[in-house]
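Dear colleague,

The findings follow it, grouped by region.

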Amino acid sequence: MKEQYMDEKKTSQDNGKWDLLQVNNLVKYFPVRGGLLQRVVAWVQAVENVSFTVREGETVGLVGESGCGKTTVGRTILRLIEPTSGDVTFNGVELFKLRGRELKEMRRNMQIIFQDPYSSLDPRMPIGESIAEGLRIHKIGTPKERFETTIEMLRKVGLEDYHARRYPHEFSGGQRQRIGIARALALRPKFIVADEPVSALDVSIQSQVLNILKELQNEFGLTYLFIAHNLSVVEHISDRVVVMYLGMMVEFTDRMELFRNPLHPYTQALMSAIPIPDPNLKRERILLPGDVPSPLNPPKGCRFHPRCHKFIADLCDVKAPPNFEPEAGHMVSCWLYQ
């Protein structure tokens, strides 16, 4: 597995694009405690052997159903929660080996835009202070320089100077999301995890926020890991797409290739649910039976097999499929392509 991704890194370097972030076999389990002594009685298998790369200056979309582990992947990469196992390399540095001051310095280059902009802002702190808080923690600039940076970031996201003195409850949802973007940008990071930044916004506001993200990416040379469950949004903003199901990565390829030729049965089912803006055209729906299994007790073999319309008996339910590459640059985890 590691050799496969080293080969992918070499290929991307040959194309003039460097792998800024490499995620290799990332695993995250959460303990479930019970009884009088609160001992560990089970494990929630939130993320299982996820591997992908993010090239410098590109946007990688991370999609899947709610509860599939998308947010856990993003937060584990940033060390907001600690991994169970695996490796993450950022700009040649192994993140999971960093401690203390080294980790703090690395955080300047890696920021996050949270899904809920209201709960991520201190209601007792003016938003100007919230934006400048990272600068103050990292001791960047004088108070005057930090204020000037705050005003600059507010202008970049379409807000006014006087907004710096207002509190979070005085803003709309779209404005609060812009504040979250401004706060993430204040430290001038190289990499940003955007955790469903438009899922709670109206459609008209979604397009404005997405356009802001793309403009800022071009201006500052940003690299995004864009987490979402809306495939239309992912198609609009992403260069490559990772599809997850129940904690595992099932497909990873270029955006245009994924929407043109989805290979995994789960991805095909997701694509069939996208409405076509033409009343004369109809797409054949693939309806998945049952519910998503619990990550406390995931199915044996391929985790998708209980709901798969292309299930292969005595194979899919016995052994988890490895990653196959039926086409160059198109990875899929499914026994159909062995």
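**Cysteines**

C68 counts as buried, because its relative accessibility is 3%. This residue belongs to a predicted model, and the search for disulfides in that model gives a count of 0. C68 is accordingly in no disulfide, and the nearest cysteine sulfur, that of C302, is 14 Å away. C302 is itself buried, at 13% relative accessibility. The closest cysteine sulfur to that of C302 lies in C316, at 5.9 Å, which is too far for a bond; the cut-off for a disulfide is 2.5 Å between the sulfur atoms.

**The open sheet**

An open sheet is made of 4 strands, in the order β2-β1-β4-β5, and the pairing is antiparallel. At its edges are β2 (39–55) and β5 (93–94), each of which pairs on one side only. Helix α2, residues 70–77, packs on this sheet and touches β1, β2 and β4 (85–90). The direction of α2 makes about 110° with that of β1.

Strand β1, residues 19–34, is joined to β2 by 12 bridges, and the two run antiparallel. Within this pairing, K28 of β1 has V47 in β2 as its bridge partner. Strand β1 also contains N25, whose phi is positive, near 55°, although the residue is not glycine. Most residues other than glycine have a negative phi. N25 counts as partly exposed, at 24% relative accessibility.

Strand β9 pairs with β3 (residues 59–63) in the parallel sense, over 4 bridges; V63 has V243 in β9 as its bridge partner. With β10 (residues 248–254) the pairing of β9 is antiparallel, over 6 bridges. Here M244 has M249 in β10 as its bridge partner. The hairpin of β9 and β10 has 2 residues between the strands, and in this hairpin L246 takes a positive phi near 50°.

Helix α10 is largely enclosed by the rest of the structure, because 7 of its 8 residues are buried. These are P265, Y266, T267, Q268, A269, M271 and S272. The buried residues of α10 pack against α8 (231–237), β9, β10 and α9.

H264 is placed in the loop between α9 (255–260) and α10 (265–272). Is H264 buried or exposed? It is buried, with a relative accessible area of 1%. Its side chain reaches two backbone atoms: the nitrogen of Y266 at 3.0 Å and the oxygen of S333 at 3.2 Å. Leaving aside neighbours within four places in sequence, H264 is in contact with V250, E251, F304, V332, S333, C334 and Y337.

**Nonpolar cores**

In soluble globular proteins, nonpolar side chains tend to be buried together. The largest nonpolar core here has 50 residues, of which I131, I181, L213, L216 and F226 touch the most other members. Not counting residues up to four places away in sequence, L216 touches K156, V157, I181, L185, G221, L222 and Y224.

E196 lies in the loop between β7 (191–195) and α7. This residue has a positive phi of about 45° although it is not a glycine, and it is buried, with a relative accessible area of 7%.

S207 is found in helix α7, residues 203–220. With a relative accessible area of 36%, S207 is partly exposed. Its C-alpha atom is separated by 8.8 Å from that of V233, a residue 26 places away along the chain.

Yours sincerely

How values were computed:
Residues numbered from 1 in each chain as written. Predicted model: local features only at pLDDT ≥ 70, side-chain atom pairs only at ≥ 80, totals over all residues. Heavy atoms only, no water. Pairing = 2+ DSSP bridges. Contact = heavy atoms within 4.5 Å. Axes fitted to C-alpha atoms, helices over the stretch in contact; angles between N-to-C directions. Buried < 20%, exposed > 50% of the residue type's maximum accessible area, 1.4 Å probe, protein only. Polar contact = N/O pair within 3.5 Å; in protein donor to acceptor, adjacent residues only side chain to side chain. Core = buried A, V, L, I, M, F, W, Y, C linked by side-chain atoms within 4.5 Å.
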